[in-house]
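Opening my notebook on this one.

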Amino acid sequence: MSWDELINKISYSKSTIIKYVDILNNRGIINHYYNKYVISDEMLKTWLTYKKEMDGHYPY
C-alpha cells in the first residue's frame, strides 16, 4: 500500500499514522520497499491470511 492510499483509508491524523508506522518499521514488522509498505513479519502475515480465508475479511 502506498503512503497516499494508507492516509486515505485510515481515519487517523497523519502524525498518528507516522508515529505507528515508525514503531512497526523499527520493530521489523513492516518494511518500506519501492514506495510501498509491506508486512515483513511472517507469523503476522500467515495469521492475517488465515483470518481472511476463514472470516472473509481481515480482522479490525
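Predicted model: local features only at pLDDT ≥ 70, side-chain atom pairs only at ≥ 80, totals over all residues.

**Ground rules.** Residues are numbered from 1 along each chain as its sequence is written, and side-chain values use heavy atoms, with hydrogens and water left out.

**Fold.** I count three helices and two strands in the protein chain. From the N terminus the order reads α-α-β-β-α. I also looked up the box: along the principal axes, the C-alpha atoms fill roughly 35 × 25 × 20 Å.

How many of the 60 residues count as buried? I get 10%, taking buried as under 20% relative accessible area, exposed as over 50% and partly exposed as in between (1.4 Å probe, protein chains only). For contacts I use heavy atoms within 4.5 Å. Among contacts with a separation of 6 or more, 14% join residues 24 or more positions apart. I also noted a pair in space: His32 and Ser2 are 30 residues apart in sequence, with their C-alpha atoms 9.3 Å apart. His32 is in strand S1 and is partly exposed, with a relative accessible area of 42%.

**Salt bridges.** My rule here is a side-chain nitrogen of Lys or Arg within 4 Å of a carboxyl oxygen of Asp or Glu. That gives two salt bridges. Lys45 pairs with Glu42, with the closest N and O atoms 3.3 Å apart. Both of these lie in helix H3 (residues 42–55), three residues apart, or about one turn of the helix.

**Surface.** The accessible surface of the chain is about 5200 Å², and 55% of that belongs to carbon and sulfur atoms (Shrake-Rupley, 1.4 Å probe; for residues, only the protein chains shown count as cover). Which residues make the nonpolar patch of about 390 Å²? I find Tyr33, Tyr34 and Val38. A patch takes residues with over 30% relative accessible area and no salt bridge, joining like charges within 9 Å and nonpolar side chains (Val, Leu, Ile, Met, Phe, Trp, Tyr) within 5 Å. Val38 is in strand S2, and its relative accessible area of 34% makes it partly exposed.

Most residues other than glycine have a negative phi. I looked at Tyr34, and its phi is positive, near 50°. Tyr34 sits in the loop between strand S1 (30–33) and strand S2 (36–39). Buried or exposed, this Tyr34? At 81% relative accessibility, Tyr34 is exposed. Asn35 also has a positive phi, about 65°, without being a glycine. Asn35 lies in the loop between S1 and S2, and is exposed at 60%.

Terms used: Helix = DSSP H or I, 4+ residues; strand = E, 2+ residues; numbered from the N terminus.
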